Amino acid sequence: MRLGLVVAPVFFLIVAAAGAFLLTTTGQAPPTQPIAFSHLVHANEKQIACTYCHQGVAKSAVAGIPSVEKCMGCHRTVAVDSPEVRKVAAYWERKEPIAWARLAYLPDHVYFSHQPHIQAGKECQTCHGSPSLPNGSFGRLQPGMDWCLSCHRRDGASIDCSTCHK
Amino acid sequence: MASDSPFGSAARVNDDILRPVLQTTWRFYAVVALLGSVVLWGAFAVWYLLSTGIGVFGLNRPVYWALMIINFVFFVGLSHSGTLISAILRVTHAEWRRPITRGAEAMTVFTIMVAAAFPLIHLGRPWVFYYLIPYPDLRGLWPNFRSPLIWDFIAISTYLTGSIIYLYLPMIPDLAVIRDRSHGWRRYLYIALSLGWTGSEREWSRLSRVLGIMAVVIIPVAVSVHSIVSWDFAMTIVPVWHSTIFAPYFVVGAIYSGIALVITIMVLIRWVFNLQSYLQPRQFDNLGKLLFVMSVIWFYFWFADALTTWYGREPSEFAVLRYTILGPFAPLFWTMIVCNLVIPFWTMMFKQLRRNVLVMLVVSLLVNVGMYSERILIIVPALSRGRLPSAWGSYQPTWVEISITAAAFAGFSLLYVLFTKFFPVVSMWEVKEGMGERAEAGVKEPGTPPRKTVEGAEGAYG
Amino acid sequence: MYKWAMVVDLDRCTGCAACVVACRAENNVPIAGEEEAGKGRASFWMRIERYWEGEYPNVRARYMPVFCQQCANAPCEPVCPVYATYHSAEGLNVQVYNRCVGTRYCANNCPYAVRYFNWFDPRWPDPLPEQLNPDVTVRFRVMEKCTFCIQRIRRGKELAKMAGRRVIDGEIQPACVQTCAPGALVFGDLNDPASRVARLAMSPRRFRLHEDLGTEPAVFYLKEQSYG
């Protein structure tokens, strides 16, 4: 009987430790981007507005990824000697789009449109984090419906299932 | 007094009943291997189901529920009588109950375990079954307490928990006996399970008080469980299902099929473990009387329900009844009537037949054939003949459903066989108590209750 | 607040089933195939029921489009153990696919048999996956049914809100309504007394399916007037 009293808590601790380990280590590694683009440099240091590149954000569901042409609009003259900018120029020469790896994902059963959120005056950083975050973390979304609901409840936005679930 | 009993002393009871626990023969391994392979085949069928989709069942629109739910209702029904009989007989101090309580309670626990697996297998996405559990979360989502399935979920888990406790509590003194007789790892198992039982007067009086409470509490739980299972159907607006009589009708059917299974199990235990001197014709006589009464009550409920439908001729309801009685289900319908009414009525009426163990085995098995047919007839025809004739359909089970069903029966038997290997299948202390045995002064015998704990205990076998 | 409703004019319905095709394309309704359809596994969020009347040679076919009736008093809703189906404030019977566990209880309790289950994981032969609607999720092993094209309602409301006005009558059209050549299907806001749907729903020809069950459907049928 005494043996049981010892074994049970030990077993419980092992399970709990294994669970905690799994929870903390299953975060995905950031994907490798074709070009080492830095939001820190563009948005934080140079103070370029998010909407300058992500133009769809105020009028459509998706914010959009800028075209190579948009990049070259500046980088024809700015920092042309940087090795990463040269890579952009190479894409431009080849007339080839840059295959950026996507960071912000929503599951297929979620409907999301940027437009109403921008119309309601939300900042990009509210959901995507600060551009000063290390590369690969910035842009990612907080997982979980409870996080969406925390704002929707606070601001009196719709919490009807059909608003966000398709 | 003790020497008058047909099987001798308390020590003899221990020997007789613990023999299957302490000695293992090749037959045990053969049975386990046979049943285990059927269960493994069923597990393969479940894996195939999960990896392919519910379409591997014979289900379709409009028959969205079939064999898995039939099995669920059937096994919940079987589970009924074990705990209920044991509790009612304990509450009423029926002396003849003593050798059958343990076997009946174990039957309840294992049938309800098998039954609880079916709604999970039946789900389209069983991996999210936990949405049915009420737990607080940051999203503020709760299950829908208006849904009979949530009532069901709560009722089944309560009943399972209660039945396990009700099986375990009266087993503690017997476990202490095994503890003192076993060696090796099994000894540690029984040390843990017997909770340090010593057999003191205080422990006995406490046990008898707790059992008194549990026996009273478990009766309404048992009745509520099958009422709620019936409300899974009766709360809908499906023609014929939507019936006020369903709750008592299901409870009666459940007790009926449960008693039949108790009889089947008692006959088998008596034969396999040579317990002829414990499970006497007297026990079968009384169980047979119960079976007789239940067959009549069952038919009364069925008839009252069917007659109103027949007489009322409400088109959507009448279509279902006609499909059941005159359509392709007619053979099943007559199986039900013959097995549930005709045979038990005309056999259980006679004392000689009730005291004939072979007759009891055959009749009890036939009653459950009839009750299984009844579960099919309740579920499939009503769904096949819905309100819109454009959406009428039918149902044929596939090998997957049949395999899982076979595995359920094998799984129940396997659990029961394993139970008899680890636990005494007859409650030893209750039998000893009935014999009026008393622990000799100075001898530490944890498994024999003092004479005064239960009044009217003497003379059970006199 | 809107209250969405549909009117089906049986006088105008020719049974052409264009609505069935449009619905399938719009809502990613899975394809069952011939064999599975024979077993009663085909999904038709919108289906045409055909009834024969009279004896040969005096026979007449009657057509009736049947889809989710979006009942105000829906029998499917209270039985769902997880609120995967519920009633929205705008009168829609919403099905939340990612909440559904697949008990199929709702389907049993639907007197109109308009709820469909994904018996298998849906597959489309190439190049059909290219035409899947991104605004509608692809369902796996859950119940599904007509939503009144909720994705179009959602988008229509967003556009109206952006412009700071209410939805204009006829601005939102489910795929079936949009494609119905004889104009048998009309969709709109019942709370707007001037809308076509509100006016047609007052017609003396109106009836609702199984009205005796008290389910209060949001779909109004207009019965045929004569054998013209």
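Where does C:Val59 lie in chain C? In this predicted model, C:Val59 is found in the loop that runs between strand 2 (47-53) and strand 3 (60-66) of chain C. C:Val59 counts as exposed because 9 C-beta neighbours lie inside 10 Å, and a residue is classed as exposed at 12 or fewer. When neighbours within four places in sequence are left aside, the contacts of C:Val59 are with C:Trp52 and C:Gly54. C:Arg206 is 147 residues apart from C:Val59 along the chain, and 25 Å separates the C-alpha atoms of the two residues.

Chain C is in contact with both other chains treated here, chain B and chain A. The contact between chain C and chain B is made by 32 residues from chain C and 34 residues from chain B. On the side of chain C that touches chain B, at least two residues each are supplied by helix 3 (76-79), helix 4 (105-108) and strand 6 (116-117) of chain C. Helix 4 of chain C gives the largest share of this side, 3 residues. The class composition of the side of chain C that touches chain B is 19 nonpolar, 6 polar and 7 charged residues.

In the contact between chain A and chain C, 12 residues of chain A meet 17 residues of chain C. Helix 6 (114-119) and helix 9 (161-164) of chain A each contribute at least two residues to the side of chain A that touches chain C. The largest share of that side, 3 residues, belongs to helix 6 of chain A. By class, the side of chain A that touches chain C comprises 3 nonpolar, 6 polar and 3 charged residues.

Within chain B, helix 2 (residues 26-52) packs against helix 15 (residues 399-422) at an angle of about 145°, and the two axes are 8 Å apart. The crossing of helix 2 of chain B with helix 15 of chain B is left-handed. Their contact contains 19 nonpolar, 5 polar and 1 charged residues.

The largest nonpolar core has 193 residues, of which B:Ala66, B:Ile259, B:Val262, B:Ile263, B:Ile379, C:Met6 and C:Leu185 touch the most other members. Helix 9 (residues 246-272) of chain B provides the largest share of this core, 17 residues. Domain 1 (1-172 + 201-235 + 399-462) and domain 2 (237-395) of chain B each give the core at least three residues. Not counting residues up to four places away in sequence, B:Ile259 touches B:Ser81, B:Ile85, B:Leu287, B:Leu290, B:Leu291 and B:Met294.

How values were computed
Residues are numbered from 1 along each chain as its sequence is written. Chains are lettered from A and ligands numbered from 1 in the order in which they are written. This is a predicted model: local features need pLDDT of at least 70, side-chain atom pairs count only at pLDDT 80 or more; totals for chains, interfaces and linings use all residues. Two residues are in contact if their C-beta atoms, placed from the backbone, lie within 7 Å. Helices (H or I, at least four residues) and strands (E, at least two) are DSSP runs, numbered from the N terminus. Ala, Val, Leu, Ile, Met, Phe, Trp, Tyr, Cys and Pro count as nonpolar, Asp, Glu, Lys and Arg as charged, and the others, Gly among them, as polar. Axes are lines fitted to C-alpha atoms, for helices over the stretch in contact, and angles run from 0 to 180 degrees between N-to-C directions. A crossing is left-handed if the near helix is turned anticlockwise from the far one by less than a right angle, and right-handed if clockwise. A nonpolar core is a set of buried Ala, Val, Leu, Ile, Met, Phe, Trp, Tyr and Cys residues joined through C-beta atoms within 7 Å. A residue is buried if 20 or more other C-beta atoms lie within 10 Å of its own, exposed if 12 or fewer, and partly exposed in between; C-beta atoms are placed from the backbone. Domain bounds come from an automatic or database domain assignment.
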